[in-house]
Amino acid sequence: MFASTLIEELAKRQGHTVTVNTFNYGGTGVLAIVQADYITIVESTGYGLYETENIPVESIQSAFFPA
């Protein structure tokens, strides 16, 4: 139940900056892809340099959308 609610809320905010925390990962980036079992975040460190992180939905402990 929680996972489906989380996925629906994240899908509404696709393309926005998000901070995601898991047990072994914490990072901020643009929410690029929202799927049923994972999300993809693009972390940018400057012009043209970026890294993508695929995060399983069941491992997300918190998600924050800065204003």
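Residues are numbered from 1 along each chain as its sequence is written, and side-chain values use heavy atoms, with hydrogens and water left out. Because the model is predicted, local features need pLDDT of at least 70 and side-chain atom pairs count only at pLDDT 80 or more, whereas totals for chains, interfaces and linings use all residues.

The strands are considered in order along the chain. Helices (H or I, at least four residues) and strands (E, at least two) are DSSP runs, numbered from the N terminus, and two strands are taken to pair if DSSP finds at least two bridges between them. Strand 1 and strand 2 run antiparallel and are joined by 5 bridges. A hairpin links strand 1 to strand 2 through 4 residues, and Thr19 has Thr28 in strand 2 as its bridge partner. Strand 2 in turn pairs with strand 3 in the antiparallel sense, over 4 bridges, and these two strands form a hairpin with 3 residues between them. The bridge partner of Leu31 in strand 3 is Ile41, while that of Ile33 is Thr40. Thr40 also has a bridge partner in strand 4, namely Asn54. Strand 4 comprises residues 50-56 and runs antiparallel to strand 3, with 7 bridges joining the two. Glu43 has Glu51 in strand 4 as its bridge partner. The hairpin formed by strand 3 and strand 4 has 5 residues between the strands, and Gly46 in the turn has a positive phi of about 155°.

Helix 1 has three buried residues, Leu6, Ile7 and Leu10, where buried means under 20% relative accessible area, exposed over 50%, and partly exposed in between (1.4 Å probe, protein chains only). These residues lie on the same side of helix 1 because they cover an arc of only 100° around the axis, the arc being that of the directions from the helix axis to the C-beta atoms. The buried residues of helix 1 pack against strand 2 and strand 3, contact meaning heavy atoms within 4.5 Å. The face of helix 1 turned away from its buried side carries the exposed residues Glu8 and Lys12.

The largest nonpolar core contains 13 residues, and those with the most contacts inside it are Leu10, Val20, Leu31, Ile39, Ile41, Ile55 and Ile60. Such a core is a set of buried Ala, Val, Leu, Ile, Met, Phe, Trp, Tyr and Cys residues joined through side-chain atoms within 4.5 Å. Two or more residues of this core come from each of helix 1 (2-12), strand 1 (17-21), strand 2 (26-34) and strand 3 (38-44). Helix 1 provides the largest share, 3 residues. When residues up to four places away in sequence are not counted, Ile39 touches Leu10, Val20, Leu31, Ile33, Val34, Glu53, Asn54, Ile55, Val57 and Ile60.

Two loop residues were also examined. Thr22 is located in the loop between strand 1 and strand 2 and counts as buried, at 10% relative accessibility. Its neighbours within four places in sequence left aside, Thr22 is in contact with Ile55, Ser59, Ile60 and Gln61. Gln35 is located in the loop between strand 2 and strand 3 and is partly exposed, with a relative accessible area of 37%. Not counting residues up to four places away in sequence, Gln35 touches Ile7 and Val57. The C-alpha atoms of Gln35 and Ala11 are separated by 8.4 Å, although these residues are 24 apart along the chain.

Finally, Arg13 lies over the face of Phe65, at 4.7 Å from the ring centre. A charge is assigned to this position if NZ of Lys or CZ of Arg is within 6 Å of the ring centre and within 35 degrees of the ring normal.
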